[in-house]
Amino acid sequence: MNYKHAYHAGNFADVVKHILLVQLLNQLGQKNKPFYVLDAYGGRGLYSLSSEEARKTGEAKGGIQAIMKADTEKAPAAIKDYVEGIKQARFTYDNKVYPGSPWWIAHHVEKTPDGGVRGEAFEAKATEYDALNYQLHKLPIGIHHRNAFEGIAAVIPPKEKRGLILLDPPYEQEHKDFTRLINLLVASYNKWPQGTYALWFPIKNIEAVELFYKKMKRTEIKRQLVCELNIYPNDIAVGLNGTGMLIINPPWQFDNHAREILRFLQPILKVADAPDLSPDSATNVRWLVGE
C-alpha cells in the first residue's frame with residue numbers, strides 16, 4: 001500500500017480512525033489534568049475531495065459522504081462530535097475539505113479552554129511537511145519536520161505525564177513495516193509505560209495482520225486492545241478489506257465505546273457489492289492482551 005493519502009482521504013478507514021481518535025481525546029479530556037497528543041505521521045493536515053486524486057478513486061463516497069448523509073441523531077457522542085467537526089472544517093475552509101488527524105488534534109485543543117492539552121504533529125516527507133505547516137500554521141498544534149522513529153523517542157515522556165501517541169503510517173511493505181512498528185512500540189512503551197498508543201493499520205493481507213498480532217502478544221506490553229471493522233470478508237481479494245486500530249493503555253471503558261461506535265458505523269459504511277456482513281462478523285473489539 002504505497003499510497004499517497006490524497007487518493008484515500010475521507011474513505012471508510014479515515015472515518016473510523018478519526019472517530020476513534022475523537023473518542024480517545026474526549027476520554028483523555030475527562031480528567032481535569034493536562035495531557036499531550038502527538039500525531040507521528042501528520043501528512044498534509046487538510047485534503048480536498050475535489051482533487052484529481054480523490055476524484056480518481058471516489059473512495060470518499062463510501063466514507064465521509066455516507067456519514068454526512070446518514071441519520072446520526074442517535075449516534076454515539078464521538079460520532080456526533082466528528083460530524084460537527086466536519087461541519088466546522090467545511091465552514092472554515094470549503095465544502096470539499098477533509099481534515100486529517102493533525103486537524104482533529106488541533107480542533108480538540110481549541111475546544112479545551114484551560115489550555116490543558118498540548119498537540120504536536122510530525123511529518124518526515126518534505127513536501128507533505130510544507131503543506132502541513134502551511135495549512136495548519138494558525139492552529140494550536142506544533143508542526144515538526146521529523147521522522148516518527150527518531151521523534152517519538154525524543155519527546156517522551158512528555159512533561160504532562162499523560163498523553164496519546166497516534167501512529168498511522170502508509171504501510172509501503174506490510175510485513176517489514178509491522179516489524180519496525182512493533183519495535184517502535186516496544187521501545188516507546190519501555191520509555192513511557194503510562195502513555196496511550198494508538199496504531200492504525202489496514203486489513204488487506206490477513207496473514208500479515210495475524211502475524212502482527214502474534215508478535216504483539218509476545219511483547220511485555222499489557223492492556224492491548226484491537227478494534228476492527230471490515231467492509232469485505234477477509235477471503236475476498238480487494239484493495240482494502242477493513243480497517244484496524246491497536247490501542248495500548250486505552251482509557252477506562254474505551255472498549256465499550258469503541259464497540260458501540262463500530263456497530264453504529266457498520267451499516268452506514270457497508271458497500272453494495274460486498275456480501276452481507278452481520279455486525280458480529282464485520283466488527284471486532286477485543287483485548288489482544290489483558291491486564
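Colleague: How many of the six residues of strand 4 are buried?

Modeller: Keep in mind that this is a predicted model. Strand 4 spans residues 117-122 and is mostly covered. Buried here means under 20% relative accessible area. The number of buried residues in strand 4 is five.

Colleague: Which residue of strand 4 stands opposite valine 37?

Modeller: Strand 1, residues 35-39, runs parallel to strand 4. Five bridges join the two strands. Valine 37 has its opposite in strand 4, and that residue is glycine 119.

Colleague: Which residue in strand 5 is the bridge partner of phenylalanine 122?

Modeller: Strand 4 also runs parallel to strand 5, residues 142-144. Three bridges join them. The partner of phenylalanine 122 is histidine 144.

Colleague: Is helix 4 roughly parallel or roughly perpendicular to helix 5?

Modeller: Helix 4 covers residues 77-92, and helix 5 covers residues 101-110. Their axes come within 11 Å and cross at roughly 95°. Angles of 65 to 115 degrees count as roughly perpendicular. Therefore helix 4 is, relative to helix 5, roughly perpendicular.

Colleague: How many residues of the contact of helix 4 with helix 5 are nonpolar?

Modeller: Helix 4 brings Asp81, Tyr82, Gly85, Ile86, Gln88 and Ala89. Helix 5 brings Trp103, Trp104, His107 and Glu110. Among these contact residues, three are polar and two are charged. The nonpolar ones number five.

Technical notes:
Residues numbered from 1 in each chain as written. Predicted model: local features only at pLDDT ≥ 70, side-chain atom pairs only at ≥ 80, totals over all residues. Heavy atoms only, no water. Axes fitted to C-alpha atoms, helices over the stretch in contact; angles between N-to-C directions. Helix = DSSP H or I, 4+ residues; strand = E, 2+ residues; numbered from the N terminus. Parallel < 35°, antiparallel > 145°, perpendicular 65-115°, else oblique. Contact = heavy atoms within 4.5 Å. Nonpolar A, V, L, I, M, F, W, Y, C, P; charged D, E, K, R; others polar. Buried < 20%, exposed > 50% of the residue type's maximum accessible area, 1.4 Å probe, protein only. Pairing = 2+ DSSP bridges.
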